[in-house]
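Please read it alongside the sequence and the structure shown here.

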Amino acid sequence: MNRAAYSCSANTISDDRPVLLANSPLHPGFDRENLSRYSDAIWDLGPAVFRENVRRCDTRIDFESADDPIIADVIREYLYARLNIDLPGYKTRVLPVNARRLFRYALRFFSFLKIEHGTCDLGRINQALLDRYAKALQTGRRPIIVAQLLTVIFDLYAYRQFLPTAGLRFEPWPGRTVSHVAGFRFAVEENRTPRIPETVITPLLAWSLKYVTLFAPDILAARSELTQLDERRAILVAEDAMVPRNERHARRRIRVVDYLNNRRRQGRGVPVWAVRIGRLYPAPPGAAAAPLINWQLLHQQAGLDSNIQKKPPLQPTADIPDLVTAAVNEIGVEVGGMDTPISGDPDTGQPWRPRFDARALVQEERMLQAACYIVCAYLTGMRDCEVQAMRVGCLSLTRSEDGVIERYRVRSITYKGKAAQGEHAEWITIAPVAAAISVLERLVAWSTARRGTETLWPVLDLGRARKNSVLTDIVAHLNEFRDHLNTRFGTEAAPIIPAGPSGAPWRITTRQFRRTIAWHIANRPFGTIAGMIQYKHASVAAFEGYAGSSRSGFRAAVEAERRLGQIEDILAYYDDRRAGVGLSGPAAARVGQALDGAAAELQPFSGMIADRGRLRILLANTARTLHVGVLADCFFDPATAVCLRHATASDQTTPMISLCEPTRCPNACITARHRPAWARTADNARALLKEKRLSELQRSVLAREVHRIETVLSDVDDQAGHQ
Ligand code: SF4
């Protein structure tokens with residue numbers, strides 16, 4: 001190993017420094033003395049990680065996983081510097097929550113070095129090696145990912161005075177930034193989190209709301225029923241234990257007979273499981289279709305301790321299995337078997353599912369939790385870590401003097417761009433979110449009570465969970481919810497949640513919700529989603545709450561989506577124009593000119609495909625003025641905006657779409673997309689004209705209105721005819 005320039009050897013000296021300096025915040029009550037030490041094989045940064053949605057394993061750094069003590073030592077040195085040292089003008093110290101990510105990035109680089117030279121010899125690092133590493137990273141990766149991975153190399157140079165072993169002694173890629181080296185074409189890369197398509201988010205939100213408002217009472221009632229059954233059984237079993245054995249068996253037998261008689265009187269069968277669970281309950285040979293009696297529920301309902309059907313013979317209870325088998329033959333079976341009645345689905349008039357059993361209940365509780373997550377994440381615009389930081393009691397209401405609810409507020413913690421502990425923040429929101437939080441508080445009550453937590457997102461299945469909160473498992477639950485809706489309520493030909501554009505089921509991730517609602521607020525505030533949640537009514541709260549919550553940065557997210565949406569919309573205009581689709585409305589000529597001008601600049605020869613990047617730049621100014629509307633799109637120019645005539649000077653920056661006068665304002669452009677709305681308006685006006693009690697004046701105004709609309713429709717049709 002060349003050690004002339006670098007001292008690089010395994011750390012054999014015990015270094016007892018705590019891994020975090022004294023000014024790093026820790027969880028209240030955690031003794032700083034118990035922090036991991038520098039030379040520990042594993043650094044546990046959990047005491048300094050405050051986000052609720054972080055897995056425990058992601059707060060630990062296992063240096064032995066590097067499989068090379070030299071690599072482990074240089075990364076240890078690098079991470080210690082990044083966790084504890086601010087470099088003014090370069091970087092502040094990394095949050096402990098991000099340290100494991102840096103560990104992975106550094107491990108990748110030093111492993112590359114080892115593969116190239118057979119050993120992690122830092123003296124062999126030169127620009128040629130860095131170029132080879134950058135090139136290797138660029139294969140199949142987006143520039144943003146490459147930039148993240150290359151950051152380590154820039155850090156090794158910037159922090160060199162604090163890295164006696166790992167510091168880089170020459171400037172990598174002199175004069176170039178990490179984004180340039182990574183291959184960015186622009187300084188800021190577009191948000192690559194996919195927006196959930198409208199065909200997916202519309203039914204997903206509708207069914208989530210259905211779960212929260214219609215199905216939740218049944219699910220909560222079923223949990224209450226099971227809890228009561230267990231409590232009653234515990235009392236009966238305790239009483240049984242006090243009496244002699246023969247009497248005990250006799251009492252149990254009487255209870256089973258009474259139970260079966262009851263079922264008979266109610267016209268209900270013996271409870272059976274809905275499905276066999278393969279390995280747990282294999283069907284006996286030749287009896288594949290035999291119903292699988294739900295002994296667990298039968299014991300709970302009859303007040304017996306478990307496994308009584310397996311008692312040895314010669315006891316008064318030995319014939320209970322025979323009694324039950326006889327009852328199955330006489331009164332049949334009932335899938336589910338619990339007593340909680342199932343509400344009707346107003347869309348079908350049928351119960352929304354068969355009766356519950358314990359297993360189905362656990363699944364439906366998980367689905368309800370996923371539905372609540374969708375409602376909360378989508379309709380608040382909160383990030384996953386903000387949603388998962390919600391606690392029991394986070395919802396508050398503000399009422400007016402006469403008791404009417406004026407505002408719903410959600411309290412949580414926002415982390416992005418904040419200190420490690422985050423900052424308390426408040427989101428003003430709307431009634432469906434309040435309903436979801438209320439349901440969640442009841443849904444999680446029994447789980448949080450047993451776990452001693454206050455999170456709204458515990459793992460509900462107490463039997464299986466090895467952790468308290470759902471954390472990253474929420475992604476699996478969300479996609480399970482998508483599949484559950486399709487299996488239970490849809491068909492193969494007509495799924496509830498259709499496939500995504502690729503033809504495969506749309507994979508839901510937590511980040512997509514914030515981006516999708518930001519786009520809807522910015523670009524389609526009147527769309528189908530808006531109609532579903534009475535968005536117009538909610539828009540004031542939405543903007544004060546979603547966009548106004550400056551601490552969470554949602555206003556910036558909405559504005560970013562507005563810019564992206566405007567570019568997408570102007571490109572759609574451009575494509576339509578190239579395809580020969582005409583425009584109408586007062587702004588048609590101006591907009592057409594801008595589109596043709598861009599086309600002329602980009603496509604001097606017919607048949608050439610426009611460079612989308614240049615097109616975006618050429619149309620950027622026009623795009624910035626574009627606001628999509630219901631009856632017309634607005635290419636906003638405040639100097640001529642008809643809707644702003646009565647607005648104050650401070651209101652002149654955005655169009656007042658709700659006061660739009662599309663046939664009179666020189667900024668209005670009407671396309672075929674607006675035709676259905678105009679046709680509906682014409683139908684309404686014609687229907688009103690049939691009203692006999694109209695005055696002459698009213699009749700003449702309406703007739704003029706119909707004529708005006710028909711002119712618009714005929715213009716749109718003429719332009720369509722020009723295709
Ligand atoms: S009247 Fe309509 S088209 Fe004109 S500026 Fe206002 S919103 Fe835009």
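A residue is taken to be near a molecule if its C-beta atom, placed from the backbone, lies within 6 Å of that molecule. The model discussed here is predicted.

**Ligand surroundings.** There are 15 residues around the ligand, and those that come nearest are Cys-634, Ala-641, Cys-643, Cys-660 and Cys-665. Sorted by class, this shell consists of 13 nonpolar residues, one polar residue and one charged residue.

**The sheet.** Three strands form an open sheet in the order E8-E9-E10, and their pairing is antiparallel. Strands E8 and E10 are at the edges with a single partner strand each, so one side of each has no neighbour in the sheet. E8 and E9 run antiparallel and are joined by two bridges. Cys-634, one of the residues that come nearest to the ligand, is the bridge partner in E9 of His-627.

| E8 | 626-627 |
| E9 | 633-635 |
| E10 | 668-669 |

**Nonpolar cores.** The largest nonpolar core comprises 139 residues, and Ile-75 and Cys-376 have the most contacts inside it. Helix H10, residues 358-380, supplies the largest share of this core, with 14 residues. Not counting residues up to four places away in sequence, Ile-75 touches Phe-63, Ala-66, Phe-103, Ala-106, Leu-107 and Phe-110. Another core, of 31 residues, lies apart from the largest one and includes Ala-594, Phe-636, Cys-669 and Ile-670. In soluble globular proteins, nonpolar side chains tend to be buried together.

How values were computed:
Residues numbered from 1 in each chain as written. Predicted model: local features only at pLDDT ≥ 70, side-chain atom pairs only at ≥ 80, totals over all residues. Core = buried A, V, L, I, M, F, W, Y, C linked by C-beta atoms within 7 Å. Buried ≥ 20, exposed ≤ 12 C-beta atoms within 10 Å, placed from the backbone. Helix = DSSP H or I, 4+ residues; strand = E, 2+ residues; numbered from the N terminus. Contact = placed C-beta atoms within 7 Å. Nonpolar A, V, L, I, M, F, W, Y, C, P; charged D, E, K, R; others polar. Pairing = 2+ DSSP bridges.
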